[in-house]
Each structure stands twice: as structure tokens, then as C-alpha cells.
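My notes follow in the order I took them.

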Amino acid sequence: MPRVTSLFLPSWPTDRFRRKSGDAALPPETPLVLIGRDGRRRVVLAADAAARAAGLRIGVPASKAQALVPGLAIHDAEPDADTMALERLALWALRRYAPVVAADPPDGLVIDTTGADHLHGGEMAMLAEMVARLGASGLAARAAVADTWGAAHALARFGTRQTIMVPSGETAKAILPLPIAALRLPATTIDSFRRLGFETVAELAGAPRASLALRFGPEPGRRLDQAFGRVSEPIEPIRPEEIVEVRRNFAEPIGAAETVARYTGKLVVELCVELETRGLGARRLDLLFFRVDNRVEAIRVGTATPVRDTKRLTRLLTDKIETIDPGFGIEQMWLAATVAEPLREQQTISSLAAAPEPDVSDVIDILANRVGEDRLYRLAPVQSDVPERSVQRIAPMTPDTGEGWPGHWPRPSRLLPRPEPIETVALLPDHPPVTFTWRGVRRRVKRADGPERVFGEWWKRDAELAAVRDYFQVEDENGERYWVYRAGDGEDAATGSHKWFMHGIFG
């Protein structure tokens, strides 16, 4: 079952204008409208949340809007610039989320996320990430995922939550209560339906189809069928000119896995030739299959480093062919390097005595494409005295900077994700615990070393200006060693709570 995500930007033109102008030039609380011409009149074409809260709506004359809302910011609309910016946003979603993305003018995107959600922690996590990333860039967004484009589009715009995930097979149940405006019908048609007493999708779906078609034409029935999944609605994926891409058309549709794999290898060879002429290597490949029933199936693979090896890229793609449903046949295949980077030639080992450097990028690529590239990482040091801040996750093939952890103080082999509180018996201010209870088990300390004093990073926040931790290495009667600390110096309450915590375990 396909899964389609609709991304809705409720204040798209005005949000884009604010980003272009800068927050200092136009404060967020200032009502903003964009003006354009409707015949000979100048009317409001877009209004932000502050302007809508003040009572302004699309279509209000510009002079009336200015009179109704004191301090209203009025600027000319830029429809062409809005369209271009929406296409750039679609390109961002293409490179980050899924191979099939298209602009959904005037205020959204449509993304075929079939099989792509597991790379982002599931559908709800993917939607939340989309909305959060756009919000961090100053763009208000709502997102919904459903079985059809029409359903996802309707729920993103008329749903009750910021992110909505409709389980597969429950599309009809989700959209029936929505207003008829959710069906992407012309405004005049919607007004006519309302005059006849139709308010919801359920009421319209229950009306006789023949009488609807006789009075309003085929469009209402077509939109209903698209929303319920009775009629396919293909997504024409965006393809910028700078993307390296090769295509192949078939006189007769193909469907056998062996045939698809063979032509995949041929497309990879053609793509690598094109990449070589540009001095590039692929970091992400999208292989699209256009079926005879207007459905698009897709495979996406990524690489840890720029790659132009035909055998390696072919293997990554063919490993996923089993996830493709050819339906009644595939009539076209597209292979695109949606992310490509310069590929430098490397000097090969010429000495018989010199051992070649091990290359694990091939193994990393296989694992990353199975479990998700965000779930594969390695740890790197960060310059910080606070233990939990002294480590960060980086991509597996990130070049080594040569930095390391300080070696003059021992550190545990296992650092807990968060310090866990423990109950202790200890003599303040400088003595280690005599006994401590952690996770319900009481342990008697046989040996201890410390304290090692760690100060808070006052330049990050004022609360750490006086913060202190005293760390101790302790060994219990069974020979197990732990890393514990006391919050505070043991004397001044301003330095910490003087409670004890478990922070790590030595091997």
C-alpha cells in the first residue's frame, strides 16, 4: 500500500517574505499581508496569522485592510518568487526524505514516503521532524500521511492536529468528517454544494454519483475517487537541472526481478560515465520505476563517501529490488544521483611491502541502507570538562581530526546516558561514600579514589556559574568499579544539591 505525505505551509507566502526580509526588519508580531491585483482591484492575496487574527481574509480590498488594522505591514505579492521558493523547498525534501517529491501549489509539498519512514524512526517521528525543521527555519507547517495524495492533502489542511498519521486502510474513516473544501474543488463548486446543503465529505460521498456528474461535471466524483484511492493520482517528481540523471524507456513493460536488475546495472554504468565527466561521485542514488498504472515505485540508497564504482552501486540498488512491486509492468526507469560530491583520485599503493589501508566504507553503506544512515555513527571527542558533553556522534566516515580525550584522568568504559541518583552514606565534605544503593542493590565500598573536581561551564548558562561536581572512583566488595559524583562541594549549598549520582561503570 503506498503512503503519501502532504506538507502544508499555512502562511507560506508571508513566512517566506519574513525570512527574506529578516526578523529585525519585520517583527513576528506585526500583522503582514501581501497585496496583488484581482482585475482592477488591489486585494489581499496572503495574510499571516497575526493579520488573520485581526479579522483580515483573502480577497479583502487593500484599502479596507489598511483601515481595519492599524500598523498593518503591506507588501506586494511575488507569485513567481513564491513558486520558485516552493520548488527549492521540494528539492530540500527530495534530498532529505524520499525520492518522489513534488510541489503542491500554492502552499505545500506532496511526498511519496512509501518505505522511507523507517529511515527516520517511523511515520510519526518523520512528520514531527519535518515540522520541527521547518519551524526552526521560520516556516509554520502541518503534515499528514495517508494512503492517498487527496487524503493526506485534506488532513494536513483541515485536520485537528499539527501532525496526523492515518493507519493504512483507514483513509475513508479519517476524511469522511472533513468539510467538502478538503476535496480540492474550485471555490465556485464548493459554494454551490453548500447552497444545496452539503457540508462534509461524507454527505457528498453518499449522494448519487449520476446526479452530481449531471450538474457539476466529473470533477467532484474524480476528487472523491482520488481521495478514497479508487483512482490513482500520480506524483510528477521534481527534477532540477543540476541533478545527474539517466533514463530508460521500454517498448514493452518489464516486471521480472532479473530483468529489472539487468537494466539497473546498465543505468548505473551510464550514470557513472556522466558522473566521471563532471568529476563527481554519488552520495545518494534514487531509482524510480514508472508503472503502466501511473504508480511510481522507488529505491533510495546512500553511500558514506562519494562513489563511482559501478559494481558497488549496482549491488546496493539490486539488494532492494525485492521491495519493488512492478504491478502490471514497468514502462520507464530513472536513475538519479540526487546528492553528488567531488570525487578525488587517490594514489594506489605502488610498493609491494606497503599494506593497503583498509576500506570499510562498503560495509558501512550496506549497513546504513538497511538500518538507516542516522542510526549508524561513531563517537568523537568534544572539548569539555563535563563528561556527558565531552562526546558527540558523527558520521562513520567523517575524517579524523586528531583530537582525543584527555588521558591524565581515568574515565569509565561505559558512561550512562544520564546520571542516576543513588543513596549513600558518606562523610562530608571530601570523603567518598562508605556504602551506596543503586538500582535497589546496596553495595559496600572497599576502595575509593578522589575527589576529582569538575566545574560547570559558566559561559553556557548562568546556572553553572557556581556548579561543582566531585567525582570518585569506588570499588565494592565484589571488585566492581563505579564512577560516582556528589553535586556540590560538600559545604556551600549554592554549588549543588549535595546529592549523589552514578555516572559510569569501569570495565
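**Entry 1: S10 and its partners.** I began with S10 and S11, which run antiparallel and are joined by eight bridges. Across this pair, Leu285 stands opposite Val301 in S11. I then checked the hairpin of S10 and S11: four residues lie between the strands, and Asn294 there has a positive phi near 70°. I keep in mind that this is a predicted model.

On the S12 side I counted 11 bridges between S10 and S12, again antiparallel. Here Phe289 has Met333 in S12 as its bridge partner. I also looked up burial along S10: 11 of its 12 residues are buried, so the strand is largely enclosed by the rest of the structure.

Entry 2

For S9 and strand S12 (residues 330–342) I found seven bridges in the antiparallel sense. Val244 has Ala337 in S12 as its bridge partner.

**Entry 3: the three-stranded sheet.** I looked up another open sheet, of three strands in the order S3-S2-S4, where the pairing is mixed. Its edge strands are strand S3 (41–47) and strand S4 (73–76), each pairing on one side only. The twist here averages 40° from one strand to the next. Strand S2 (residues 32–38) and S3 are paired antiparallel over six bridges, and Leu34 has Ala46 in S3 as its bridge partner.

**Entry 4: helix H5.** I checked the length of helix H5 (residues 123–136). Its 14 residues should span 20 Å at 1.5 Å a residue, and the end C-alpha atoms are 20 Å apart, so the two agree.

Which residues of H5 are buried? I listed Glu123, Met126, Leu127, Glu129, Met130, Val131 and Leu134. An α-helix has 3.6 residues a turn, so residues three or four places apart point the same way. The cover over the buried residues of H5 includes strand S1 (4–8), helix H4 (79–96), strand S6 (108–112), strand S7 (142–146) and strand S8 (163–165). Last, I noted that Gly138 follows H5 and has a positive phi, near 90°.

How values were computed
Residues numbered from 1 in each chain as written. Predicted model: local features only at pLDDT ≥ 70, side-chain atom pairs only at ≥ 80, totals over all residues. Heavy atoms only, no water. Expected span 1.5 Å × (residues − 1). Buried < 20%, exposed > 50% of the residue type's maximum accessible area, 1.4 Å probe, protein only. Contact = heavy atoms within 4.5 Å. Pairing = 2+ DSSP bridges. Axes fitted to C-alpha atoms, helices over the stretch in contact; angles between N-to-C directions.
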